[in-house]
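Work through the exercises below with the sequence and the model open. Each task is followed by its solution in steps.

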Amino acid sequence: THFGFETVSETEKASKVYKVFENVAQKYDVMNDAMSLGIHRLWKDALLHVMHPQPGARLLDVAGGTGDIAFRFLEYVRSQQERQQRRAVLLGQTPSWQDVSDRYPDGGGAPESAVVVCDINKEMLKVGRQRADSRGVTTGLSWVVGDAEELPFNDDQFDLYTIAFGIRNVTHIDQALKEALRVLKPGGRFLCLEFSKVTNPVLERLYDVYSFQVIPVLGEVIAGDWKSYQYLVESIRKFPDQEEFKGLMEDSGFFCVQYFNLTGGVVALHSGFKL
Ligand code: SAM
């Protein structure tokens, strides 16, 4: 297993990944904006757009860190609910989610969506909780310490599973995929955002220069931590490309697997279903 420019064992990788995120937790959100020039926000918005969650959906966001996906999810569902309510009032109809009476037996009230943020790192979750407090988010959100390879949840629990910029940090990707499949309900959807292989050669050259020469410098200047950001760049290079990851998902038992390249393949969004 590769870590930075050293070669380390699997157990060492897990503890080094833990230290990286423990070190960067407080600066994580600032660094994300600085390193991606704010573009990570658009990638995360794209994830929500493809997911298109409906009121009542239950999401598990693994490697959820400081909660970016969770906050977006709750906001998206709230706006869907308001849209459906407005539309229903205009047309004199019942909002579509009220028709699903087996899932929401008390019918009349709006169904509660919920998101569980699960991450192996307590420090990242601590920052997430502080963000939730400062945003006044009190319902529909919970924070759980857990490993993507051994999720602390029962089978068939969630409608949706997301993992954004997390899976490349996991030691056994196949084990994390197996666990994702286990906790999803039949019909549930898996969505993964991850750095991938740039498809345009000119962009690839620029991206190489930026990643190897600019990102560790930014890491040092903003977070005082060159090594962690060097790890970040290296781990991106080691991660399977779009087609390989699609193959891993299919081998793990996901159906209808497809992916979308974002920003010329800098990031790929993979999707698959549990049948
Ligand atoms: N999803 C968030 C986002 O997009 O902003 C955070 C991504 S951050 C780059 C990667 C996260 O993966 C870290 O919070 C780290 O603690 C978490 N992580 C690493 N290995 C993990 C594992 N085996 N299980 C769960 N989380 C893990």
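**Exercise 1: an annotated aspartate**

D119 is buried, because 24 other C-beta atoms lie within 10 Å of its own; the term requires 20 or more, with C-beta atoms placed from the backbone. This is a predicted model, in which local features need pLDDT of at least 70, side-chain atom pairs count only at pLDDT 80 or more, and totals for chains, interfaces and linings use all residues. Residues are numbered from 1 along each chain as its sequence is written.

Task: state which element holds D119 and which residues D119 contacts.

Solution. Step 1: D119 belongs to strand β4 (residues 114-119), a strand being a DSSP run of E with at least two residues, numbered from the N terminus. Step 2: contact means C-beta atoms within 7 Å. Leaving aside neighbours within four places in sequence, D119 contacts A63, G64, G65, M124, L125 and V145.

**Exercise 2: an annotated threonine**

Task: find which positions UniProt lists as "binding site", then say whether T66 is buried or exposed.

Solution. Step 1: the unreviewed UniProt entry gives T66, D119, D147 and A148; such annotations may be inferred rather than shown by experiment. Step 2: T66 sits in the loop between β3 (58-62) and α4. Step 3: T66 is buried, since 25 other C-beta atoms lie within 10 Å. Step 4: beyond residues up to four places away in sequence, T66 touches Y28, D29, M124, V127, G128 and R131.

Key: Helix = DSSP H or I, 4+ residues; strand = E, 2+ residues; numbered from the N terminus. Buried ≥ 20, exposed ≤ 12 C-beta atoms within 10 Å, placed from the backbone. Contact = placed C-beta atoms within 7 Å.
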